[in-house]
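Q: Please take a close look at one part of this model, the aromatic cluster. Which rings belong to it, and how do they pair?

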Amino acid sequence: MKNIKYLFLILLIIFPFLSSCVVTEDLTINDDESGNSQIAISVEDFFITVLNDFSEFSSDATDKPIMDLAIDDTANKLTENETTTNVLFTKVGKNSYEGSFDFSSLSTLISDLGETENQTVLTLSDNTLKFYLDLDNYYQLTKAIPFLSDPNFEPFGPEYNEGLSADDYLEMISFMLGEEGPDAIRNSIITLNFETPQPIKTYKGGTKVSSTEFTYSFPLIDFLLLAEPLEFTLTW
């Protein structure tokens, strides 16, 4: 069995919750691209309050906490996918969750999550993993994460704020979310950690930690604005 550790699959599903949020995923992949994923998610009270405030404007009224709904949607999306089995998500704390699932094909799962036949955000072929996200293929994420195109949340995303500077964006966030908002976003860093099944041959856009370990990090605000593409390439 060969292993590769990274966080991207769950990020595809819950990217909008990453402000004030800690997400980790350990993913094991076999030679035939089947494998298993173990996930841990923890969200700070501040952002939960913001989400619940926005949920009051939703036409789908419910007493269930919005983060619980998001996790349920994640589990349902994975359960309905033909490549996944043994999907299990549980709430382990006030704003903390754990989950796991098995998959039969990593490449197929990535394509299915994006609901795009030729999605370009994340691709895996011939031991080469590529991540590329810009304003042109951002719509692929909105298909994987309908929440991103919800009218209540769309104003926070890159399409709505194209051309806006980081300072202007944070000023807008302060107005919309309160004075805690800018620091929550400013202090959020997204880190993808990989452990490859074989020694790394080439890489671009990240940091080689050891012969089989690779890290790619970027500030959350870089995702929210996408003024420049987010990308890396890793071959083992």
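A: Rings of Phe, Tyr and Trp (its six-membered ring) count as a pair if their centres lie within 6.5 Å; planes under 30 degrees apart are called stacked, those over 60 degrees edge-to-face, and the rest tilted. The model is predicted, so local features need pLDDT of at least 70 and side-chain atom pairs count only at pLDDT 80 or more, while totals for chains, interfaces and linings use all residues. Residues are numbered from 1 along each chain as its sequence is written, and side-chain values use heavy atoms, with hydrogens and water left out.

The structure holds eight aromatic pairs. One of them joins Phe-214 to Phe-232; this pair is tilted, with 5.5 Å from centre to centre and 55 degrees between the planes. Phe-214 belongs to strand S10 (residues 213–219) and Phe-232 to strand S11 (residues 230–235), so the pair ties together parts that lie 18 residues apart in sequence. Strands here are DSSP runs of E with at least two residues, numbered from the N terminus. Both Phe-214 and Phe-232 are buried, a term that stands for under 20% relative accessible area with a 1.4 Å probe, protein chains only.

Another tilted pair is made by Tyr-216 and Phe-218, at 5.5 Å between centres and 45 degrees between planes. Tyr-216 and Phe-218 are likewise buried.

As for the cluster itself, ring pairs link Phe-131, Tyr-203, Phe-214, Tyr-216, Phe-218 and Phe-232.

Methods: Helix = DSSP H or I, 4+ residues; strand = E, 2+ residues; numbered from the N terminus. Buried < 20%, exposed > 50% of the residue type's maximum accessible area, 1.4 Å probe, protein only.
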